[in-house]
Amino acid sequence: MRRIALIVLTMTGMLWASLALAALPRSPEGDWLTGRGGAVVRIAPCAGGTGLCGHIVGIVLDHGDAMPMDWQGRSQCGFELIRPSVTRSGAEWHGRIVDPRNGSAYHAEFQVTRTGELALRGYLGLPVFGETQHWMRYEGTVPRSCRIDRAQTAGSEVRTNNTGRPGQ
């Protein structure tokens, strides 16, 4: 009888622990394949320790393609795409996102969805004037060269729209 009671208590404890973990907000830290599938961005604590930042750590290229440059003529590899972002609710982050091609900066909100995607909305002024991209976790290896063979990302779903809901 004691053995059954111990098993029941153990199972109940495990159930409560799993429910508690499921309720915790999912961290956006990690490597993400951008919505258009052209780069891998690593989201991690900023160097100054305040908030999260996102740097391009991988760029998807075909064999022989040159590394793209930012608007100042530097390699996009290492570019700080997401500027310091802070959490407002524990699950949603707010900061800035910068277009490496022209230096334009936008407000950004992002959070990990229930399906494990990173929903990132960039906008000017008000969120309604923006676009949401759904980034997928990148599970591959990011080489030091920053070059990722396009074949490594084949099959990754790319979804974007301006409604805040997944697109086609």
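Predicted model: local features only at pLDDT ≥ 70, side-chain atom pairs only at ≥ 80, totals over all residues.
Visitor: Before we look at the chain, what counts as a helix or a strand here?

Visitor: In what order do the elements of the chain run from the N terminus on?

Guide: The chain has 1 helix and 10 strands. Reading from the N terminus, the order is α-β-β-β-β-β-β-β-β-β-β.

Visitor: What percentage of the residues count as buried?

Guide: A residue is called buried when its relative accessible area is under 20%. The chain has 168 residues, and the share that count as buried is 36%.

Visitor: How much of the accessible surface belongs to carbon and sulfur atoms?

Guide: The accessible surface of the chain comes to about 10400 Å². Of that surface, the part belonging to carbon and sulfur atoms is 58%.

Visitor: Let's pick out a residue. Is S85 buried or exposed?

Guide: S85 lies in strand 4, which covers residues 80-87. Leaving aside residues up to four places away in sequence, S85 touches several others, including W93, H94 and F110. Its relative accessibility is 0%, and the cut-off is under 20%. Therefore S85 counts as buried.

Visitor: Which residue has its backbone oxygen 3.0 Å from a polar atom of the side chain of S85?

Guide: Look at the side chain of S85 and find its polar atom. The backbone oxygen lying 3.0 Å from that atom belongs to R83.

Visitor: How far apart are the C-alpha atoms of P100 and E80?

Guide: P100 is found in the loop between strand 5 (93-98) and strand 6 (105-112). With a relative accessible area of 10%, P100 is buried, and among the residues it touches are I56, W71 and F79. P100 and E80 are 20 residues apart along the chain, while their C-alpha atoms are separated by 8.5 Å.

Visitor: Now for the disulfides. What is the handedness of the link of C46 and C53?

Guide: A disulfide is a covalent bond between the sulfur atoms of two cysteines. In C46 and C53 those atoms are 2.0 Å apart. Both cysteines are buried, C46 at 9% relative accessibility and C53 at 3%. With 95° about the S-S bond, the link of C46 and C53 is right-handed.

Visitor: How many residues apart in sequence are the parts that C77 and C146 tie together?

Guide: A disulfide joins C77 to C146, with an S to S distance of 2.3 Å. C77 lies in the loop between strand 3 (52-61) and strand 4, and C146 in the loop between strand 8 and strand 9 (147-149), so the pair ties together parts whose separation in sequence is 69 residues.

Visitor: What pattern do the disulfides of the chain follow?

Guide: The count comes to 2 disulfides. With bonded cysteines counted along the chain, the pattern is 1-2, 3-4.

Visitor: On to salt bridges. Which residue forms a salt bridge with D31?

Guide: A search of the whole structure finds 6 salt bridges. In the one with D31, the closest N and O atoms are 2.7 Å apart. D31 is in strand 1 (residues 30-33) and its partner is in strand 2 (residues 39-45), so the pair ties together parts that are 11 residues apart in sequence. That partner is R42.

Visitor: Is R101 buried or exposed?

Guide: R101 forms a salt bridge with D99, the closest N and O atoms being 2.8 Å apart. D99 is buried, with a relative accessible area of 14%. R101 has 62% relative accessibility, so R101 counts as exposed.

Visitor: One last stop. Which residues form a nonpolar patch on the surface with about 350 Å² of accessible area together?

Guide: One member sits in the loop between strand 7 (118-123) and strand 8 (130-137), and this is F129. F129 is exposed, with a relative accessible area of 58%. The patch is formed by L126, V128 and F129.

Methods
Residues numbered from 1 in each chain as written. Heavy atoms only, no water. Helix = DSSP H or I, 4+ residues; strand = E, 2+ residues; numbered from the N terminus. Buried < 20%, exposed > 50% of the residue type's maximum accessible area, 1.4 Å probe, protein only. Areas by Shrake-Rupley, 256 points an atom, 1.4 Å probe, with all protein chains shown as cover. Polar contact = N/O pair within 3.5 Å; in protein donor to acceptor, adjacent residues only side chain to side chain. Contact = heavy atoms within 4.5 Å. Patch = residues over 30% accessible without salt bridge, like charges linked within 9 Å, V, L, I, M, F, W, Y side chains within 5 Å. Salt bridge = Lys/Arg side-chain N within 4 Å of Asp/Glu carboxyl O. Disulfide = S-S within 2.5 Å.
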